Amino acid sequence: MHQLIILGNGFDLTCGLKSKFSDFYRDRTSGSFSVESIPEDERKAWDMILAEKGQDDPLWCDIESLISAYVFQEDGLGSRLDRMFSVTGLAIDLSSTIPFPRPKDDLYKFVSTRLGKEDVSQAELTSYLLSSLKKYESIFARYL
């Protein structure tokens, strides 16, 4: 006789493993859920994004939806990155020597500082977020 046992989503939780993303982030922030408690040299872009969202936001520990909201279109409004780089209501004179306004966003400032660049394109920011996400996945895997 053969048996097929399928372990689905939730098996780890039923066994008492602290494998939810919120468990990981609680551990990462020493229980404070504040990005300030993560040493600055260990902070990742996704720590910044989670801090910006706040624990009360329904996307906070739904990391897949959060990634989608930042990188892909959200509710027909464009992605969070699209909105960060859009300048609505302004006519841009491409011949002007005045630099295009930089996003006034904590995530943008964080990434530009990490890259050592004052101006970061949307493509560079997107690439950095992907790279940072891969590092974040490794940190999560070590936690588990």
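Is Ala123 buried or exposed? Ala123 is exposed, because its relative accessible area is 58%, and exposed means over 50%. The model discussed here is predicted.

## Ala123 and its place

Ala123 belongs to helix H7, which covers residues 122–143. Leu81 is 42 residues away from Ala123 along the chain. The C-alpha atoms of the two are separated by 9.6 Å.

## Helix H3 and Lys44

Helix H3 spans 45–53. Its buried residues are Ala45, Trp46, Asp47, Met48, Ile49 and Leu50. They pack against H2, helix H4 (63–71), helix H6 (106–115) and H7. After H3 comes Gly54, with a positive phi near 80 degrees.

Lys44 sits in the loop between helix H2 (21–28) and helix H3. Lys44 is buried but has no salt bridge. The nearest side chain of opposite charge is Asp47, 6.8 Å away. Leaving aside residues up to four places away in sequence, Lys44 touches Arg28, Phe110, Ser132, Lys135, Tyr136 and Ile139.

Most residues other than glycine have a negative phi. Ser30 has a positive phi, near 55 degrees. Phe33 also has a positive value, near 60 degrees.

Ser30 lies in the loop between H2 and H3. Phe33 is in the loop between H2 and H3 too. Ser30 counts as exposed, because its relative accessibility is 64%. Phe33 counts as buried, because its relative accessibility is 18%.

## Salt bridges

Side chains of opposite charge can pair when their charged atoms come close. How many salt bridges does the structure hold? The structure holds five.

Arg26 and Asp23 are three residues apart in helix H2, so about one helical turn separates them. Arg26 is partly exposed, at 37% relative accessibility. Asp23 is buried, with a relative accessible area of 10%.

The side chains of Arg80 and Asp105 meet in a salt bridge of 2.6 Å, N to O. Arg80 is in helix H5 (residues 80–85) and Asp105 is in the loop between H5 and H6, so this pair ties together parts 25 residues apart in sequence. Arg80 is buried, with a relative accessible area of 18%. Asp105 is buried, at 9%.

Lys117 forms a salt bridge with Glu124. Their closest N and O atoms are 2.3 Å apart. Lys117 counts as partly exposed, at 34% relative accessibility. Glu124 counts as partly exposed, at 29%.

How values were computed:
Residues numbered from 1 in each chain as written. Predicted model: local features only at pLDDT ≥ 70, side-chain atom pairs only at ≥ 80, totals over all residues. Heavy atoms only, no water. Helix = DSSP H or I, 4+ residues; strand = E, 2+ residues; numbered from the N terminus. Buried < 20%, exposed > 50% of the residue type's maximum accessible area, 1.4 Å probe, protein only. Lys, Arg positive; Asp, Glu negative; His and termini not counted. Salt bridge = Lys/Arg side-chain N within 4 Å of Asp/Glu carboxyl O. Contact = heavy atoms within 4.5 Å.
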